[in-house]
Amino acid sequence: MKAITILGSTGSIGTQTLDIVSQYPDRLRVVGLAAGSNITLLAQQIRQFHPEIVGIDAAEKLTQLEDAIADIQPQPIIVAGPQGAVDVAGYGNAETVVTGIVGCAGLLPTIAAIKAGKHIALANKETLIAGAPVVLPLVETHKVRLLPADSEHSAIFQCLQGVPKAGLRRILLTASGGSFRDLPVEKLESVTVADALKHPNWSMGQKITIDSATLMNKGLEVIEAHYLFGVDYDQIEIVIHPQSIIHSLIELQDTSVLAQLGWPDMRLPLLYALSYPERIPTNWEKLDLVKAGDLTFREPDHQKYPCMQLAYAAGRAGGCMPAVLNAANEQAVALFLAEKIRFLDIPKCIETVCDRFTPQNQSSPNLDDILAADRWARQAATEALLTLAR
């Protein structure tokens, strides 16, 4: 039985991971849970899965959580505040930590888990995008596995099994096109938050759904693929695939192309990351190619989706620039979700912040450099967005 810890247990990734645990109670058990502020759901998860340690980011709700689980025996250790997720990540005998915390907030807990010798099921792309110069050396030093748990990078990872290192020529990242894939670019000026959150294929959290609508999620995945698989940015391409049946592809040196297919279901890459290198039988719906119907592809529209090119540019710049890009995007998306800016202000803000950034220690940034760049970019993004809002 594999012991696991889940960071972001009440979010989309966390709840789907716990759904897998409930289906395989003889294979998986929960050591730790860390959540944000959803006390009701977290208390239900504690009752069902009996973790040894629990973290709640919203420290002001600590007493409320304690009251909600007062009758549970044995009582878990409860830690609160931002440090809580860090404590949970490094705790006990969990073999694998699922990093489902949204945004750069997942960086420090992921580092804590790696230093504690735990394998990482990486469902938080921003952690590696912002922190790769620090995270990757730690992975090597502590000899842990960094296994992708999102659909695209899991697909690439699965296709690469058995491929010689020199055999890879190109990575093809598929993108659904998001909520506005069939909307003319001139109509994006008036779209609402509610419109952007209507993803046609996937059930995801709000932040990643907006990233899908801007295609920043695909730009971030390009940077992540560069770090995960050690390929140059010129070898990573994006293709729009509206059906989301092919989750990504690789081209080999002889022009052979390998792809991983399946229904849009985040549980599949999560299960593979938890069970690797095994293949666990499931009773989930099998892929029926006749039912899936036509599989179509088209080139992404860079006028409609400027965030992609911003991500490529930040990735090529390297150093702290991906952290700046990521932080600016997080701030812009948060203000869009709060209905304080327009949808088209998101890429304008990111470009403004990246243009203003003056990098320090760009060739080999340390953790302090990355965190400082993240803080600077959030402040710069807020200032830029206030200007745009006026």
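Guide: One term before we start: buried means under 20% relative accessible area, exposed over 50%, and partly exposed in between, with a 1.4 Å probe and protein chains only. This is a predicted model, where local features need pLDDT of at least 70, side-chain atom pairs count only at pLDDT 80 or more, and totals for chains, interfaces and linings use all residues. Residues are numbered from 1 along each chain as its sequence is written, and side-chain values use heavy atoms, with hydrogens and water left out.

Visitor: Okay. How many helices and strands does the protein chain have?
Guide: There are 16 helices and eleven strands. Helices (H or I, at least four residues) and strands (E, at least two) are DSSP runs, numbered from the N terminus.

Visitor: And what does the C-alpha trace span along its principal axes?
Guide: About 55 × 50 × 40 Å. Buried residues make up 56% of the 390 residues in the protein chain.

Visitor: Let's pick a helix. How many of the nine residues of H11 are buried?
Guide: Eight of the nine residues of H11 (residues 267–275) are buried, so this helix is largely enclosed by the rest of the structure. Among them are Arg267, Pro269 and Tyr272.

Visitor: What does arginine 267 lie over?
Guide: The face of tryptophan 284, at 4.3 Å from the ring centre. The rule for a charge over a ring is that NZ of Lys or CZ of Arg is within 6 Å of the ring centre and within 35 degrees of the ring normal.

Visitor: Which other helix is largely enclosed by the rest of the structure?
Guide: Helix H5 (residues 107–115) is, because seven of its nine residues are buried. Leu107, Pro109 and Ile111 are among the buried ones. After H5 comes glycine 117, with a positive phi near 80 degrees.

Visitor: New topic: how many aromatic pairs are there?
Guide: The count is six. Rings of Phe, Tyr and Trp (its six-membered ring) pair if their centres lie within 6.5 Å; planes under 30 degrees apart count as stacked, over 60 as edge-to-face and the rest as tilted.

Visitor: What kind of pair do phenylalanine 180 and phenylalanine 343 make?
Guide: Their planes are at 80 degrees and the ring centres 5.1 Å apart, so the pair is edge-to-face. Phenylalanine 180 lies in the loop between strand S8 (168–175) and helix H8 (193–196), while phenylalanine 343 lies in the loop between helix H14 (321–337) and H15, so the pair ties together parts that are 163 residues apart in sequence.

Visitor: Are those two buried or exposed?
Guide: Both phenylalanine 180 and phenylalanine 343 are buried. Another edge-to-face pair is tyrosine 272 with tyrosine 276, with centres 5.7 Å apart and planes at 80 degrees.

Visitor: What about strands? In which sense do S3 and S4 pair?
Guide: S3 (residues 53–56) and S4 (residues 77–80) pair in the parallel sense, over four bridges. Strands count as paired if DSSP finds at least two bridges between them. Glycine 55 stands opposite valine 79 in S4.

Visitor: Last one: where does proline 133 lie?
Guide: In helix H6 (residues 125–142). Proline 133 is partly exposed, at a relative accessible area of 28%.
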